[in-house]
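Reader: I am new to this structure. Please take me through one part of it closely, and then show me what lies around it.

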Amino acid sequence: MTSVSLLLTCALAAGPGSWPSFLGQGAGSVDSKTLPLAWSPTENIAWKASLPGYGQSSPLIWQDHVYVTSVEGESKQQLHLFCLSLRDGQLLWQRTIESSYPEKNSVYISRAAPTPVLDAAGVYVYFESGDVAAFDHSGEPRWRRSLTTNYGPPKNEFGLSASPAQTEDRIVILVDDVEQAYLVALSKATGEVLWKTDRQPRKSWSSPAVVDIAGQPQVVCSSGGSVDGYDVANGKLLWTFAEVGGNTATTPVGVGRDAFLIAASPGRDGENSELAKKSNGLMQVDRSTDGAWNAKFAWTNSAPTPSWASPIAHDGRAYWINRVGVVYCLDLKSGDVVFAERIPQSAWATPFAVDDRIYVFGKDGLTTVLAAGAEFKVLAENSLWNEDDPPVNRVPTAAGESEERQRSAAMFSRPTVYGAAIVDGGIVLRTGSQVYCVRQSPAQ
């Protein structure tokens, strides 16, 4: 194994002004003094841009470029990558590839759900169709590969949504599906398959993360009934922890060395409810003198039940947002509840913590800014749009569906904030078909 292959995302030559992957893994530091505390539809919105199609991925930022993906067409046959100017939101370039696995475009199946990754060499997109492609920062194509062509199409009725993780020289993609499941690493330089490790089939949508374990990066997957650690160099399964349930949506979040947060929720019909209560907490991994890896929970707390937002850690505390908008603040050492208070909206996008602020990006466009610390205190509530002027939201219709499905489609068709990217000077938020940039006014 080479030292290059073991570099963590945070070792990428990102520097300030970058948000290079899902949840900002590997992002540069951010100064809260440069971020807006308050905004409204008429104040501190620097720009907004409408996009063709629809996407559920998070935006990415590299220097003065904002990258966003979407899909378009009755069968999601067009896969889009957009590069926008961070300064004014103007379209710098667009690239479109044809899907290798067209499937009906509906609100029930993922639509450009995986977030790409990027580095100094360019951007690497992955779509739930199995298509993976690399472009440089000027939009020139570098390579393309179809996991569906290589390994078969997904069978999950709701699609796939796991975002890739990355190291210096490779991207790692988790495909957990009901008929087959695997973890695969592709070369950033060529798209070549460096290794592929088969997994037990399951239905899950959670993303992998690269976590520092014993001074080495491991790919950690919390997904559908297990938490697993893999050697990023060769894909070897190093350890597994199977006493979990309901962990089908959120991403492991590293907390220093050898530890990470795991989150889980019961299913819609209450399945996995007992195990899910035991699956929200801080997990630690160590290695015994005989070389064996050991994974265990340092603590768990049965109270939080998140939806799509992963937990975060900040200044000795952990924060969960549950599906009805209750913010749980837990002591990071003990797991004890510091406070549990409800805010106006739940969040699908993972919150962001910086200095004395916690930004919670409500799914319906209201961002609640909380004071970081042991006391629940709302610093600001910020609407991204007016209810009578919602963002463009190009969702497929439910024509021809049953009445029940049409009602559900109407609920899921409302504008949703799916993700955020944060760098010094601004916050970029995306809904299905719209991108917003929020900046503080000179007076703030």
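Author: Start with a cut-off: a residue is called buried when its relative accessible area is under 20%. The model is predicted. T197 has a relative accessible area of 15%, so T197 is buried.

Where does T197 sit? T197 is found in strand β14, which covers residues 193–199. Its side chain reaches the backbone oxygen of G235 at 2.7 Å. G235 is also among the residues that T197 touches, leaving aside those up to four places away in sequence.

Now move past the end of β14. R202 lies in the loop between β14 and β15 (209–213). The side chains of R202 and D176 meet in a salt bridge, at 3.8 Å from N to O. D176 belongs to strand β12 (residues 170–176), so the pair ties together parts that are 26 residues apart in sequence.

The structure holds 14 of them. One joins K76 and E128, with the closest N and O atoms 2.9 Å apart. This pair links distant parts of the chain, 52 residues apart. K76 is in the loop between β4 (65–72) and β5 (78–85). E128 is in the loop between β8 (122–126) and β9 (131–135). Both K76 and E128 are buried.

Another salt bridge joins D258 and R257, and here the closest N and O atoms are 3.8 Å apart. D258 is partly exposed, with a relative accessible area of 22%. R257 is exposed, at 53%. Salt bridges with shared partners also join D176, R199, R202 and D228 into one network.

Last, a sheet. Four strands form an open sheet in the order β2-β33-β32-β31, with antiparallel pairing. Which strands stand at the edges? They are β2 (45–50) and β31 (419–423). Each has a single partner strand, so one side of each is left without a neighbour in the sheet. From one strand to the next, the twist averages 15°. β31 pairs with strand β32 (residues 426–430) in the antiparallel sense, over five bridges. A420 has L429 in β32 as its bridge partner.

How values were computed:
Residues numbered from 1 in each chain as written. Predicted model: local features only at pLDDT ≥ 70, side-chain atom pairs only at ≥ 80, totals over all residues. Heavy atoms only, no water. Helix = DSSP H or I, 4+ residues; strand = E, 2+ residues; numbered from the N terminus. Buried < 20%, exposed > 50% of the residue type's maximum accessible area, 1.4 Å probe, protein only. Polar contact = N/O pair within 3.5 Å; in protein donor to acceptor, adjacent residues only side chain to side chain. Contact = heavy atoms within 4.5 Å. Pairing = 2+ DSSP bridges. Axes fitted to C-alpha atoms, helices over the stretch in contact; angles between N-to-C directions. Salt bridge = Lys/Arg side-chain N within 4 Å of Asp/Glu carboxyl O.
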